[in-house]
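Okay, thanks for coming, everyone. Let me put something on the screen and then walk you through it.

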Amino acid sequence: MDVQRKLEILADAAKYDASCASSGTEKRDSSDGKGLGSTAPGMGICHSYAPDGRCISLLKVLLTNACNYDCLYCVNRTSSNVPRARFTVDEVVKLTLDFYRRNYIEGLFLSSGIIRSADYTMEQVVSVARKLREEHHFRGYIHLKTIPEADDALIAEAGKYADRLSINIEMPLENSLAKFAPEKDVRAIRRTMGRLRLKLDEAKENARTATKTKPPRFAPAGQSTQMIIGADAADDKTILDTSANLYGSYRLKRVYYSAFSPIPDASRALPLVSPPLIREHRLYQADWLMRFYGFDAGEIVDEAAGMLPLDIDPKLAWALRHRDRFPLDIATASRQELLRVPGFGTKAVDRIIATRRLTSIRVADLARLHIPQKALPFIVLSDHRPPPHLLDGAGLAERFKPKATQLGFGF
Ligand code: SF4
């Protein structure tokens with residue numbers, strides 16, 4: 001089989017993995033004439049993200065789509081009737097370098113089905129990164145998928161070469177993983193995440209205390225994971241609780257949410273249709289609220305509903321359930337309170353805080369502060385106080401919904 005055909009199969013097989021954003025690593029470049037590649041923006045590398053947040057500028061492939069495991073939700077499972085292929089280590093190295101030189105990619109995202117054993121597969125994955133870094137002095141981004149059962153020494157080596165390591169938790173509920181992926185062991189997954197966290201903490205501490213010599217690196221962009229949404233019955237509240245637990249326990253950089261896509265020859269235990277993609281989007285927004293807006297997982301989703309509304313964003317939904325906390329006086333509200341106003345982003349809040357130290361904020365200032373007019377029912381300004389009926393009105397959510405547009409007729 002030629003490399004072109006292998007690439008078709010192994011890039012297609014990797015498309016179900018969403019956990020490949022390339023943010024947050026250390027800065028490296030090759031402007032000194034040594035090495036190849038860069039992780040810095042503006043160096044001829046195009047950081048390109050799909051609207052749902054997926055990074056699309058990495059060469060994203062599997063080393064092989066053959067697998068000993070039979071995870072029901074996975075197109076590469078052992079019982080799946082798909083064409084199989086396997087790259088050699090040198091083929092992935094060459095492809096990465098060729099694509100990089102043509103400026104198609106900014107780095108590599110490498111995962112693999114499990115063949116022979118966890119250690120054998122992990123060793124192959126690590127070999128690609130080792131060759132790229134040590135033989136070709138590649139300085140672009142590398143994200144390696146980690147096999148939880150692999151030996152600790154291999155994981156340590158992976159962290160030496162990779163920017164980011166990830167282990168997929170796969171399912172929001174432990175019993176769903178047992179049902180859909182009986183060969184996977186949630187305890188091994190969590191144990192390895194814990195080991196990674198210890199290594200990451202150690203590397204950070206070494207970097208902080210280092211004086212002369214550069215301390216050994218370990219995955220400077222941290223670890224991430226992915227959860228499949230909509231394959232089991234877990235509601236959004238359960239999903240966000242699991243994410244909060246993962247962020248808290250293993251200090252993950254990101255939890256990625258991947259809407260389940262029906263696969264060929266799927267098991268009857270799986271749903272026939274995918275969940276709406278907007279659900280995945282709402283979960284990303286809710287995740288953002290936990291990480292940057294000071295929300296707890298437990299307060300984002302309406303307890304009784306268990307699900308995020310699909311028609312409005314989670315922050316607006318929270319505000320509509322807590323109308324008694326508004327309107328908020330911009331002149332005196334704390335940063336945490338301001339972050340809860342629908343339409344206020346973190347930068348807008350910083351601008352408000354900087355501006356109100358100097359002057360009182362008026363309606364005419366909103367555009368300059370990048371605050372949308374639709375936030376007016378939730379705030380008090382020096383020349384504005386919303387009438388109570390506006391905040392209590394049933395049509396408040398409508399102000400935030402995008403205007404309906406006429407569909408094209410094709411003529
Ligand atoms: S171990 Fe990974 S590649 Fe293999 S079947 Fe399970 S999810 Fe798919």
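Predicted model: local features only at pLDDT ≥ 70, side-chain atom pairs only at ≥ 80, totals over all residues.

Residues are numbered from 1 along each chain as its sequence is written.

When I say helix or strand, I mean DSSP runs numbered from the N terminus: helices are H or I with at least four residues, strands are E with at least two. And strands pair if DSSP finds at least two bridges between them.

So, the sheet. In general, strands of a sheet pair through backbone hydrogen bonds, parallel or antiparallel. Here we have an open sheet of 6 strands with parallel pairing, and the order reads β1-β2-β3-β4-β5-β6. At the edges sit β1 (58–62) and β6 (254–259), each pairing on one side only. Ignoring direction, neighbouring strands are turned by 20 degrees against each other on average. For angles, axes are lines fitted to C-alpha atoms, for helices over the stretch in contact, and the angles run from 0 to 180 degrees between N-to-C directions.

Strand β5, residues 223–229, pairs with β6 in the parallel sense over 6 bridges, and S224 stands opposite R254 in β6. Lying across β5 and β6 is helix α8, residues 277–292, which runs at about 165 degrees to β6.

Now, how do α2 and α3 cross? The axes of α2 (residues 89–101) and α3 (residues 118–135) come within 9 Å and cross at roughly 45 degrees. That makes the two helices oblique to each other; the label covers whatever is left after under 35 degrees (roughly parallel), over 145 (roughly antiparallel) and 65 to 115 (roughly perpendicular). The crossing is right-handed, meaning the near helix is turned clockwise from the far one by less than a right angle. From α2, V89, V92, V93 and T96 meet Q124, S127, V128, K131 and L132 of α3. Contact here means C-beta atoms, placed from the backbone, within 7 Å. By class that contact has 5 nonpolar, 3 polar and 1 charged residues. Nonpolar is Ala, Val, Leu, Ile, Met, Phe, Trp, Tyr, Cys and Pro; charged is Asp, Glu, Lys and Arg; the others, Gly among them, are polar.

Helix α4 (residues 152–161) and α6 pack at about 50 degrees, axes 11 Å apart, so they are oblique too. D152, I155, A156 and G159 of α4 make the contact with T192, R195 and K199 of α6.

Which residues are around the ligand? They are C67, Y69, C71, C74, N76, R77, G113, I114 and A181; near means a C-beta atom, placed from the backbone, within 6 Å. That shell divides into 6 nonpolar, 2 polar and 1 charged.

F326 and P327 are joined by a cis peptide bond, with omega about 0 degrees, and P327 lies in the loop between α10 (314–321) and β7 (328–329). A219 has a positive phi of about 35 degrees although it's not a glycine; A219 lies in the loop between α6 (186–209) and β5.

Key
Contact = placed C-beta atoms within 7 Å.
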